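This report describes selected features of a protein model.

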Amino acid sequence: MQIEKADLKDINELVQMRIEYLTEDYGGLTDSQAEKIRNQLPEYYNNHLNKDLFVYVMKSEKIISCCFLLVSEKPANPSFINGRTGTVMNVYTRPDFRRKGIAKKIMEFLISDAKKMKLDFIELKSTDNGYNLYKSVGFEDVFSKYHNMKIIF
C-alpha cells in the first residue's frame with residue numbers, strides 16, 4: 001500500500017469517504033443531508049482537486065484512508081509571510097484499517113508536501129480522538145489573542 005494524491009478518477013470514492021467521515025463525525029446524517037452532500041461534492045472535487053485541494057490517500061483495492069489539504073492564498077503579514085497557508089480536513093481511516101499507523105504516514109506525507117509548496121503553516125481542528133496523532137507529527141496547540149467567530153446563514 002502506497003500513499004498518493006487522489007485525482008479525478010477517484011471522485012466517486014472521495015465522495016463516499018467524505019460521507020463516511022461526516023456520518024461518523026456528526027453521529028449520523030439525515031437522508032436529505034447525505035443526498036445534498038453527495039450531489040455537491042463531485043462538482044466541488046472537479047473544480048478544486050489538485051488546484052487548491054489536495055487529497056492524500058492510501059489504497060488497498062479501494063481507498064482505505066485519506067486526508068485533505070485545502071490551500072489558501074491571502075495577503076501576506078508577519079504570521080504568513082508567503083501568504084499561503086493550509087488547512088487539514090477530513091482525516092479518515094476506515095474502521096477495519098485503524099490503529100495501524102496509516103493516518104500518521106499520510107499526515108507525514110502531507111506535511112512534507114506542504115513544505116515543498118512553501119506554505120507558511122498548516123492548521124487543523126482536532127477531535128479528542130485525533131489529538132495524539134497530530135501532536136506526534138508536530139502539531140502544537142495554538143493560543144491566540146483573537147476569538148474564533150462566525151455567522152451562520
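## Strand pairing and local contacts

Strand β1 (residues 3-5) and β2 run antiparallel and are joined by three bridges. The model in which this pairing is seen is predicted. Within the pairing, lysine 5 stands opposite tyrosine 56 in β2. β2 also pairs with strand β3 (residues 63-73), again in the antiparallel sense, over seven bridges. Here phenylalanine 54 has leucine 69 in β3 as its bridge partner. Three residues lie between β2 and β3, and the two strands form a hairpin.

| Strands | Sense | Bridges |
|---|---|---|
| β1 (residues 3-5) and β2 | antiparallel | three bridges |
| β2 and β3 (residues 63-73) | antiparallel | seven bridges |

How many residues of strand β2 (residues 53-59) are buried? Seven of the seven are buried, so the strand is largely enclosed by the rest of the structure. Leu53, Val55, Val57 and Lys59 point one way from β2, while Phe54, Tyr56 and Met58 point the other way. Residues of both groups are buried, Lys59 included.

Aromatic contacts form a further topic. A pair of aromatic rings is described by the distance of the centres and the angle of the planes. The count of aromatic pairs comes to six. Tyrosine 134 and phenylalanine 139 form an edge-to-face pair, with 6.1 Å centre to centre and 75° between the planes. The angle of 75° is classed as edge-to-face because planes over 60 degrees apart count as such. Both tyrosine 134 and phenylalanine 139 are buried. Elsewhere, Tyr44, Tyr45 and Phe68 are linked into a cluster by ring pairs. A charged side chain also meets a ring: lysine 74 lies over the face of phenylalanine 80, at 5.1 Å from the ring centre.

Is lysine 125 buried or exposed? Lysine 125 counts as exposed because its relative accessibility is 74%, and exposure requires over 50%. Lysine 125 is placed in the loop between β5 (121-123) and α4 (128-136). Valine 88 is 37 residues from lysine 125 in sequence, yet the two are 8.0 Å apart in space, C-alpha to C-alpha.

The protein has a mean pLDDT of 95, and 100% of its residues reach 70 or more. Confidence is highest in helix α2 (residues 31-48), at 98, and lowest in α4, at a mean of 94.

Definitions and conventions
Residues are numbered from 1 along each chain as its sequence is written. This is a predicted model: local features need pLDDT of at least 70, side-chain atom pairs count only at pLDDT 80 or more; totals for chains, interfaces and linings use all residues. Side-chain values use heavy atoms; hydrogens and water are left out. Rings of Phe, Tyr and Trp (its six-membered ring) pair if their centres lie within 6.5 Å; planes under 30 degrees apart count as stacked, over 60 as edge-to-face and the rest as tilted. Buried means under 20% relative accessible area, exposed over 50%, partly exposed in between (1.4 Å probe, protein chains only). A charge sits over a ring if NZ of Lys or CZ of Arg is within 6 Å of the ring centre and within 35 degrees of the ring normal. Helices (H or I, at least four residues) and strands (E, at least two) are DSSP runs, numbered from the N terminus. pLDDT is the predictor's confidence in each residue, from 0 to 100. Two strands pair if DSSP finds at least two bridges between them.
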